[in-house]
Amino acid sequence: MLLTINVFLPATKDISLEVPTHPVSADPGEDVILPVHLAPEISAVSMEIIWSRESEPMYQYSNGQERKFNDYENQVSLSIQELERGKLSLTLRNVQESDSGNYTCKVLHDGCQKTGTVYLQVRGKTAPATSLLYSVK
């Protein structure tokens, strides 16, 4: 007897990125996690993930390979094991006041793109004078 199980994964267009609606805060010298995850919770292992700061690439995951860009080589990481659960959170080590700003996570899969932005506020800096501290496209 043969049992067939069909598994239907949602199309990428049915996936959204969830980002915090408030700034992520940290003190200088701390490690901080910029939380982003897929909804619904599905594996992101087969997706391309790009984290950038002010349009400067910091980190890229694609086809099982990680790439950390020069200025961020020793400062950023992403848990590959967490990708299985749709967690795309980026860890920044030893943040300084100059690290305050917008960080963008872009996910590419099956010709679709999802983008979310997280604002990091390292204490000593104030949040921008805007009512929109986050965005999801």
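Leu88 is in contact (heavy atoms within 4.5 Å) with Leu17, Val36, His37, Leu38, Ala44, Ile49, Trp51, Leu78, Leu83, Cys105 and Val107, leaving aside its neighbours within four places in sequence. The model is a predicted one, in which local features need pLDDT of at least 70 and side-chain atom pairs count only at pLDDT 80 or more, while totals for chains, interfaces and linings use all residues. Residues are numbered from 1 along each chain as its sequence is written, and side-chain values use heavy atoms, with hydrogens and water left out.

Leu88 belongs to the largest nonpolar core, which has 31 residues; Leu34, Ile49, Trp51, Leu88, Leu92 and Leu120 touch the most other members. At least two residues of this core come from each of strands S2 (24-26), S3 (32-34), S5 (48-53), S6 (56-62), S8 (76-78), S9 (90-92), S10 (101-109) and S11 (112-122). A nonpolar core here is a set of buried Ala, Val, Leu, Ile, Met, Phe, Trp, Tyr and Cys residues joined through side-chain atoms within 4.5 Å. Buried means under 20% relative accessible area, exposed over 50%, and partly exposed in between (1.4 Å probe, protein chains only). Strands (E, at least two residues) are DSSP runs, numbered from the N terminus.

## Strand S5 and its partners

Of the 6 residues in S5, 5 are buried. S5 pairs with S10 in the antiparallel sense over 6 bridges, where pairing requires that DSSP finds at least two bridges between two strands. Trp51 has Cys105 as its bridge partner in S10.

S5 is also joined to S6, antiparallel, by 5 bridges. Ile49 stands opposite Tyr61 of S6. The hairpin of S5 and S6 has 2 residues between the strands, and Glu54 takes a positive phi near 50° there.

## Tyr61

Tyr61 lies in strand S6 and counts as buried because its relative accessibility is 3%. Its C-alpha atom is separated by 5.6 Å from that of Glu48, 13 residues apart along the chain. Beyond four places in sequence, Tyr61 is in contact with Ala44, Val45, Met47, Glu48, Ile49, Glu66, Ile80 and Leu83. The Tyr61 side chain also reaches the backbone oxygen of Val45 at 3.3 Å.

## Cysteines

A search of the whole structure finds 0 disulfides, a disulfide being taken as a pair of cysteine sulfur atoms within 2.5 Å. Cys105 counts as buried because its relative accessibility is 0%. Cys112, at 27% relative accessibility, counts as partly exposed.

## The open sheet S3-S9-S8

An open sheet is formed by 3 strands in the order S3-S9-S8, with antiparallel pairing. S3 and S8 are the edge strands, each pairing on one side only. From one strand to the next the twist averages 30°, with axes as lines fitted to C-alpha atoms and angles running from 0 to 180 degrees between N-to-C directions.

S3 and S9 run antiparallel and are joined by 3 bridges. The bridge partner of Val32 in S9 is Leu92.

## Gln75

Gln75 is placed in the loop between strand S7 (65-68) and S8. Gln75 counts as buried because its relative accessibility is 14%. Not counting residues up to four places away in sequence, Gln75 touches Thr91, Leu92, Arg93, Asn94, Val95 and Asp99.

The side chains of Gln75 and Asp99 make a polar contact (3.2 Å). A polar contact is a pair of N or O atoms within 3.5 Å; within protein, one must be able to donate a hydrogen and the other to accept it, and residues adjacent in sequence count only if both atoms are side-chain atoms.

Terms used. Helix = DSSP H or I, 4+ residues; strand = E, 2+ residues; numbered from the N terminus.
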